[in-house]
Amino acid sequence: MQLIIMRHGEAGWHALDQERELTEAGREGVGAVAHRIAESPWRPSLIWSSPYVRARQTAGIMSEILNCRIDEKDFITPDDDPGACLDALLDARESRLLIVSHMPFVGSLSTLLVDGHRRGIPFMTAQAVGLDMPVVGPGCADLKVQFLP
């Protein structure tokens, strides 16, 4: 499986975290990353998106540029357990997948898949990393590429 894990673009502030929207700079950063991915061998065939507004907006921009569909997933919000996502990845039929989510989730999922722990790594907004996983499981992925805005 080729998996891209991406943090949403820069978002403004809102009283409800789930309702925060991308800023203009956030939309531009996401578009830049989408074009870099489109020109790479890492182009996904499906996007999993968090249901939060800023992640859905990020996924929408990615989908438009990469020409792939979006599935909203309730288990990839900021404080969700990356183990639940790992379980879903084990059942996934797609071999080229993009996950759009939030910190600390994206950092924890990345280290779970690469190093087998959940301590996490930092992600800047709109940053994406490409993981190659011959077998889906903790510690089974190799970090191969990163895409920066």
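Colleague: What should I know before I start?

Modeller: Residues are numbered from 1 along each chain as its sequence is written, and side-chain values use heavy atoms, leaving out hydrogens and water. The model is predicted, so local features need pLDDT of at least 70 and side-chain atom pairs count only at pLDDT 80 or more, while totals for chains, interfaces and linings use all residues.

Colleague: How many residues does the largest nonpolar core have?

Modeller: General idea: in soluble globular proteins, nonpolar side chains tend to be buried together. A nonpolar core is a set of buried Ala, Val, Leu, Ile, Met, Phe, Trp, Tyr and Cys residues joined through side-chain atoms within 4.5 Å. Buried means under 20% relative accessible area, exposed over 50%, and partly exposed in between (1.4 Å probe, protein chains only). Here the largest core has 22 residues. Those with the most contacts inside it are Leu3, Ile5, Trp48, Cys85, Leu89, Ile99 and Leu113.

Colleague: Which elements each supply at least two residues of this core?

Modeller: Helices (H or I, at least four residues) and strands (E, at least two) are DSSP runs, numbered from the N terminus. The suppliers are β1 (2-7), β2 (46-49), α3 (82-91), β4 (96-101), α4 (105-115) and β5 (128-132). The largest share, 5 residues, comes from α4. Another core, of 20 residues, lies apart from it; among its members are Met6, Val33, Ile37 and Val100.

Colleague: Against which elements do the buried residues of α3 pack?

Modeller: They pack against β1, β2, β4 and α4. The buried residues of α3 are Pro82, Gly83, Cys85, Leu86, Ala88 and Leu89. A side-chain oxygen of aspartate 81 reaches to within 2.8 Å of the backbone nitrogen of glycine 83.

Colleague: Is phenylalanine 75 buried or partly exposed?

Modeller: Phenylalanine 75 counts as partly exposed because its relative accessibility is 23%. It is found in the loop between β3 (69-72) and α3. Contact means heavy atoms within 4.5 Å. Leaving aside neighbours within four places in sequence, the contacts of phenylalanine 75 include Trp48, Cys85 and Phe105.

Colleague: How many salt bridges are there?

Modeller: A salt bridge is a side-chain nitrogen of Lys or Arg within 4 Å of a carboxyl oxygen of Asp or Glu. The count comes to 5. Aspartate 17 forms one with arginine 20, the closest N and O atoms being 3.4 Å apart. Aspartate 17 forms another with arginine 54, at 3.2 Å. Aspartate 17 lies in the loop between β1 and α1 (24-38) and arginine 54 in helix α2 (residues 53-66), so the pair ties together parts that are 37 residues apart in sequence. Arginine 54 is buried, because its relative accessible area is 2%. Elsewhere, aspartate 71 and arginine 69 meet in a salt bridge (2.8 Å, N to O). Salt bridges that share partners join Asp17, Arg20 and Arg54 into one network.

Colleague: What does the side chain of arginine 7 reach?

Modeller: Lys and Arg count as positive and Asp and Glu as negative; His and the chain ends are not counted. Arginine 7 lies in strand β1. It is buried yet has no salt bridge. The nearest side chain of opposite charge, aspartate 17, is 8.9 Å away. The side chain of arginine 7 reaches the backbone oxygen of phenylalanine 123 at 2.8 Å.

Conventions. A polar contact is a pair of N or O atoms within 3.5 Å; within protein, one must be able to donate a hydrogen and the other to accept it, and residues adjacent in sequence count only if both atoms are side-chain atoms.
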